[in-house]
Amino acid sequence: MNNLYLDNKKLIGALKKGDSKAYTFLVDTYHHKLCVYVCSLTNDVDLAEDIVQNVFIRTWKKRDKLKDEFSIKSFLYRSVYNEFIDGYRKQKMVLPLEKKYIDALSSIVEERDEYALERLIKMVRKEIKNLPPKCKEVFLLSKEEGLTNIEIAEYKQISIKSVEGHITKAFSILRSAVGNKTSSILFLMFGMYNSKFHLK
């Protein structure tokens, strides 16, 4: 029976007919993968579970609107990402700067495959981990802890110019690895959990 559902078009057709076994197959196949993906965005396992569950329920309720030419896999990944962004927008007022980066993140999901965002996040984390020790410490104090350059200078007992130099160096290294998506990825990693987040 599962072999039938491996065909994307037949799976969608079965879902549209209200085939509960097709829905079970869909959940069994994608639930864990989607949770891992959303958790990479939220850093919150429970929230990721809620988002994925909401998407599955909504997909089933609106199954008659599914198009035969849809890639159900891409549809699910886009849906959980959109749910994540919608939740963030409702959670707080979205500033123009934040909207800019949210839109940029949306373009990553639209333009590339569903794993692109997860790969970029992993790449940035790896590059941050490999930054020179002092550079990494200053960068994380700025982005992860939300300290201002002045606060970092006082805490580390170094000049503000040194702080700026370390942060600039970190951005340069990250951009070399990730390109023009760097700021958007950093916003996703740090901005949504840090009210003091500022991009230099």
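Read from the N terminus, the elements of the chain follow the order α-α-α-α-α-α-α-α-α-α-α. The count is accordingly 11 helices and 0 strands. The model described here is predicted. Of the 200 residues in the chain, 40% are buried. When contacts between residues at least 6 apart in sequence are considered, 66% of them join residues at least 24 apart.

Two helix pairs are described in turn. Two packed helices are described by the angle between their axes and the distance between the axes. Helix α7, spanning residues 116-129, packs with helix α11, spanning residues 182-190, at an angle of about 85°, and the axes lie 10 Å apart. Helix α7 is therefore roughly perpendicular to α11, because angles of 65 to 115 degrees are counted in that class. On the α7 side, the contact is made by Leu117, Leu120, Ile121, Val124, Arg125 and Ile128. Helix α11 contributes Ile185, Leu186, Leu188, Met189 and Phe190. By class, the residues of the contact of α7 with α11 comprise 10 nonpolar and 1 charged, with no polar residue.

The second pair consists of helix α8 (residues 133-143) and helix α9 (residues 149-156), which pack at an angle of about 135° with their axes 10 Å apart. This angle makes α8 oblique to α9, because angles over 145 degrees would be required for the roughly antiparallel class. The crossing in which α8 passes α9 is right-handed. In this contact, Glu137, Val138, Leu141 and Ser142 of α8 meet Ile152, Tyr155 and Lys156 of α9. The contact of α8 with α9 divides by class into 4 nonpolar, 1 polar and 2 charged residues.

A single residue was also examined. Ile57 lies in helix α4, which covers residues 45-61. The relative accessible area of Ile57 is 33%, so the residue is partly exposed; the buried class would require a value under 20%, and the exposed class a value over 50%. Ile57 and Tyr23 are separated by 34 residues in sequence, and their C-alpha atoms are 9.8 Å apart in space.

Conventions. Residues are numbered from 1 along each chain as its sequence is written. This is a predicted model: local features need pLDDT of at least 70, side-chain atom pairs count only at pLDDT 80 or more; totals for chains, interfaces and linings use all residues. Side-chain values use heavy atoms; hydrogens and water are left out. Axes are lines fitted to C-alpha atoms, for helices over the stretch in contact, and angles run from 0 to 180 degrees between N-to-C directions. Helices (H or I, at least four residues) and strands (E, at least two) are DSSP runs, numbered from the N terminus. Angles under 35 degrees count as roughly parallel, over 145 as roughly antiparallel, 65 to 115 as roughly perpendicular and the rest as oblique. A crossing is left-handed if the near helix is turned anticlockwise from the far one by less than a right angle, and right-handed if clockwise. Contact means heavy atoms within 4.5 Å. Ala, Val, Leu, Ile, Met, Phe, Trp, Tyr, Cys and Pro count as nonpolar, Asp, Glu, Lys and Arg as charged, and the others, Gly among them, as polar. Buried means under 20% relative accessible area, exposed over 50%, partly exposed in between (1.4 Å probe, protein chains only).
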